[in-house]
Protein chains: 2
Amino acid sequence: MRVLLVGAGGVGTAVTRIAARRAFFEAMVVADYDLARAEAAVAALGADGARFRAERVDAGDETAVAALLERHACDVLLNATDPRFVMPLFRAARTASATYVDMAMSLSRPHPERPYEECGVKLGDAQFEDAVEWEKAGLLALVGMGVEPGLSDVFARYAADELFDEIEEIGVRDGANLTVDGYDFAPSFSIWTTIEECLNPPVVYESDRGWFTTAPFSEPEVFDFPEGIGPVECVNVEHEEVLLMPRWIGARRVTFKYGLGDEFIEVLKTLHKLGLDRTEPVAVRDARVSPRDVVAACLPDPATLGERMHGKTCAGTWVKGVKDGAPREVYLYHVVDNQWSMAEYGSQAVVWQTAVNPVVALELLATGAWKGAGVLGPEAFPAGPFLDLLTAYGSPWGLREQ
Amino acid sequence: MRVLLVGAGGVGTAVTRIAARRAFFEAMVVADYDLARAEAAVAALGADGARFRAERVDAGDETAVAALLERHACDVLLNATDPRFVMPLFRAARTASATYVDMAMSLSRPHPERPYEECGVKLGDAQFEDAVEWEKAGLLALVGMGVEPGLSDVFARYAADELFDEIEEIGVRDGANLTVDGYDFAPSFSIWTTIEECLNPPVVYESDRGWFTTAPFSEPEVFDFPEGIGPVECVNVEHEEVLLMPRWIGARRVTFKYGLGDEFIEVLKTLHKLGLDRTEPVAVRDARVSPRDVVAACLPDPATLGERMHGKTCAGTWVKGVKDGAPREVYLYHVVDNQWSMAEYGSQAVVWQTAVNPVVALELLATGAWKGAGVLGPEAFPAGPFLDLLTAYGSPWGLREQ
C-alpha cells in the first residue's frame with residue numbers, strides 16, 4: 001500500500017507517528033499547503049521516517065492532488081484536512097482510481113426556510129451522490145473513519161452484531177476533562193470544525209420520521225463518562241454518525257451529543273451572534289478574509305498544546321435496546337489520557353485519538369480484513385477485527401453495562 | 001472658519017448635517033479614506049451642501065493631511081476617525097498651524113507589570129506631551145470634545161463653577177435603552193472604540209493617590225437614568241474624562257461608568273478570551289488582518305441602524321459635594337431620542353449626540369466665545385456659553401437634584 005496523506009496539521013502529524021510503527025504500507029507521502037509543516041512532520045520521525053516524504057499541495061486543487069497520487073503511484077488517499085476540502089480530495093482519489101479515506105464528510109447546508117426542523121443538504125450527501133459511480137468502478141471511499149465519526153460507528157456495528165437483538169437508541173457521547181495551562185481559552189480540537197459541528201442545526205434520526213434537525217445545543221443531558229472523567233453536560237450537535245449509522249444499522253433513534261460545557265457553549269453562541277462563525281469572506285481594509293479563519297488564527301494551534309494539557313478524552317457509543325428479551329443499555333468507549341499520548345507519541349490526546357483510527361482502518365484494508373466498493377461508512381465493515389487491532393495498537397477500548 | 005473634517009463615518013456624516021444648518025463657517029472639506037463615503041455625506045446635504053466638498057485622505061498619512069489642510073486653507077481640523085488616527089491628525093494640524101479638535105484622545109498602553117493597579121501610558125499622554133509646543137506656538141488643540149468626553153466635561157466645569165463649593169466625586173454615567181430590530185447583536189457605537197474603552201484597564205482618579213487602574217468591569221453599580229430610561233448596570237471603563245477633569249477641576253475622586261448591560265459585557269469578555277480584541281495583525285492564509293477590524297467588519301455599521309433603532313441614549317455627569325455648607329448631589333445630563341434625531345437629521349441617536357458637541361465647540365471658537373492656546377480639554381473653557389448654544393441647537397440638557 002502506498003498512501004498519500006493530505007494535511008500535516010495535528011491529526012496528520014499524529015497519523016505519521018502512529019503509522020511509522022506499522023509495517024503494512026510501503027510508502028506514505030505527507031502533503032500540505034505549507035510544505036514546511038509537511039517536512040516537519042516527516043523530520044520528527046527521525047530514523048523511522050524512511051518510508052515517508054513531504055510534498056506541497058493545495059488540497060482544494062483537485063487536479064494537482066490527482067497528479068500527486070499518480071506521480072507517487074499511491075493507491076490510497078487519506079484526508080486529514082478540514083472538511084472544506086472533502087469534495088476536491090474525494091474527487092481527486094476517484095480520478096486517480098485510489099481508495100479514499102476521510103475523518104469528516106462533505107458539508108451540510110441548512111434548510112433555507114425551516115433550518116431547525118428540516119434537513120437541507122445533509123453531511124455526506126455530496127459524497128453519497130457519487131456512491132453508484134464508485135461502486136461501478138470497484139473503488140472504495142471509506143468515509144467518516146476517525147474517532148467520531150469512525151470508532152463510534154464501529155462500536156455501533158459491534159453492538160448491533162454482538163450485544164443486541166433490537167436497538168431502541170444509539171447515542172454517541174463525547175466528553176473530556178482536559179485543561180490547558182496558561183490559556184484562558186484553548187480548544188483541544190480544530191475550532192473551525194467545532195464551530196461547523198456545533199452551530200449547524202443538530203441532526204437527529206428516528207426510524208418513523210427519518211432525519212430532522214433541532215435548534216443548536218438542544219436536549220442537554222448530563223452523561224457520566226468513565227475512567228474518572230465523570231459527569232459532563234452534553235448537547236445535540238450535527239455529526240456524521242447520525243447520517244451514517246441508519247444506513248447500515250437498524251435503530252429507532254440515533255443522536256450525537258457533545259460534552260461542550262457551559263463556557264464553550266457561551267463562546268460559540270457569542271461567535272454566532274457577532275457573525276464571526278461565518279466562512280464567506282468579509283472585506284477588512286484591503287483584504288478579504290473568512291471571519292472563522294480569523295477566529296482560528298487567534299487561538300493557539302490545538303496540536304501544539306499537548307505539553308500544557310492535562311486530563312483524558314472519551315469517545316463512545318451508548319446503546320439502549322433488548323437482548324434475549326431483556327432490556328440492556330451499554331456504553332462502548334475509548335479513553336485517551338493526554339499524559340500517555342504525549343509520552344508515547346508526542347501527540348495530544350484528542351488529535352491522537354482521531355488519528356489512530358484511520359491508521360487501523362488502512363491496515364485492515366492492506367491486509368484485506370476490510371474490503372468493499374462504493375461510498376461506505378465504518379459500520380459497513382465487520383467490527384471485531386477493527387477493535388482487536390486497535391487494542392493491538394496499545395489503545396484498548398471499554399464496555400460499561402449501564 | 002474653514003474646517004477640514006477627517007472621517008465620514010457615522011459621526012462625521014452627522015457633523016455635516018448639523019453644521020450645514022449653521023452659518024459660522026465658510027467651508028467644510030469632508031475627507032475620508034473611502035472617497036465614496038465622503039461624497040455620500042456631501043451629496044446627502046443636497047442644496048445645503050454648497051459649503052462642503054469631499055476629498056480622499058489616509059488619516060494615518062500625516063504629510064497628506066497637512067497638505068490637504070494647506071491646499072484648502074483650512075484653519076481647523078476636526079477629527080472624526082477612530083482613536084488610532086489621533087496622533088497623525090494632531091501632528092498634521094500642528095504642522096499646518098491649524099486648530100485641532102477631536103472627540104477621543106491618544107491611546108493608552110497598560111502598565112507592563114501591574115496593568116490592573118497602575119497606569120502605563122495614559123489616554124492623552126502623547127498629546128499632553130506636546131502641550132508646551134502648542135502653547136508656545138499660540139495654537140489650540142481642543143481634545144476630547146465629543147459627548148463623552150466633551151459635554152460631560154462641560155457639565156463638570158458648570159458644576160464646579162455654579163453648583164458646588166467643594167466636590168467629593170465626579171462620576172460620568174452613560175446609559176441607554178436603545179434596541180435594534182432585526183439583529184441579535186448590533187452595537188449602537190463603534191465596536192472598535194467600545195472594545196478599546198471597555199477592555200483596557202479602567203482608570204480612576206483620587207486626589208490623594210493620583211490616577212490608578214482597576215480590573216475591567218469593576219465596581220458595578222445600578223444608576224437610574226432620567227427621561228424613562230431607568231436603572232442600568234454600569235461598570236468602570238477607561239475614559240478620557242477621568243484624565244481630563246482633574247487637570248482643571250478640583251475633585252477628590254473622578255470615575256467613568258458605562259451602562260453596558262450583562263450581554264455586552266459577556267460579548268466583550270468572550271472577544272478578549274479568544275484574542276479577537278487584538279489590534280496587531282494576525283496571518284490568515286495569504287492576508288494579514290487585525291482581529292478587531294474583522295469583528296467590526298462582521299457587525300452592521302452603527303451609523304446605518306437608525307431606522308431600526310428605538311429608544312433614548314443619555315450622557316451625563318453625576319456630581320457629589322457641598323454647596324453653602326450643605327451636602328448636594330446632582331446629575332447633569334443630555335438625552336437624545338433616536339426617533340427625534342432620525343426625523344430631524346437622519347442620524348441615529350448615539351452618533352448624533354457625539355457629533356453635535358464638536359460643532360457647538362467650533363461655533364464658540366469661530367465667535368471667539370471660546371479661545372485659548374495649548375492642549376486643552378473642554379473643562380478649560382467657560383461652560384455657560386456652550387450649554388446655552390447646545391440648547392439653541394434644539395437639544396437641551398437637564399439637571400436632576402438627587
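This is a predicted model: local features need pLDDT of at least 70, side-chain atom pairs count only at pLDDT 80 or more; totals for chains, interfaces and linings use all residues.
**Conventions.** I number residues from 1 along each chain as its sequence is written, and letter chains from A and number ligands from 1 in the order in which they are written. Local features need pLDDT of at least 70, side-chain atom pairs count only at pLDDT 80 or more, and totals for chains, interfaces and linings use all residues, while side-chain values use heavy atoms, with hydrogens and water left out.

**Domain record.** I looked up the annotation for chain A. UniProt, in an unreviewed entry, places "domain: Saccharopine dehydrogenase-like C-terminal" at residues 146-394 of chain A. Such positions are in the numbering used here, feature names are shortened, and annotations may be inferred rather than shown by experiment. I find that residues 146-394 of chain A are 35% helix and 30% strand, with end C-alpha atoms 17 Å apart. Helices (H or I, at least four residues) and strands (E, at least two) are DSSP runs, numbered from the N terminus.

**Sheet in chain B.** I traced an open sheet of seven strands in chain B, ordered 3-2-1-4-5-6-19, with parallel pairing. Two strands count as paired if DSSP finds at least two bridges between them. Strand 3 (52-56) and strand 19 (374-376) of chain B are the edge strands, each pairing on one side only. On average, neighbouring strands of this sheet are turned by 20° against each other, direction ignored; axes are lines fitted to C-alpha atoms, for helices over the stretch in contact, and angles run from 0 to 180 degrees between N-to-C directions. I then took one pair: strand 4 (residues 76-79) and strand 5 (residues 99-101) of chain B, parallel over three bridges. In strand 5 of chain B, T99(B) is the residue opposite V76(B).

**Symmetry.** I superposed chain B on chain A with a rotation of 180° and 0.1 Å of shift along the axis, RMSD 0.0 Å. This is the relation of a two-fold axis. In chain B, A287(B) comes closest to the rotation axis, its C-alpha at 3.1 Å.

**Interface.** I list 30 residues of chain B in contact with 30 residues of chain A, contact meaning heavy atoms within 4.5 Å. The buried area between the chains is about 2,400 Å², with 69% from carbon and sulfur atoms; buried area is the accessible area (1.4 Å probe) that two parts lose on being put together, summed over both. K273(B), L274(B) and C298(B) supply 25% of what chain B buries against chain A, more than any other three residues.

**Salt bridges.** I count four between chain B and chain A, each a side-chain nitrogen of Lys or Arg within 4 Å of a carboxyl oxygen of Asp or Glu. One of them joins R285(B) to D293(A), with the closest N and O atoms 3.1 Å apart.

Notes:
Copies are superposed by least squares on the C-alpha atoms of residues with pLDDT of at least 70 in both.
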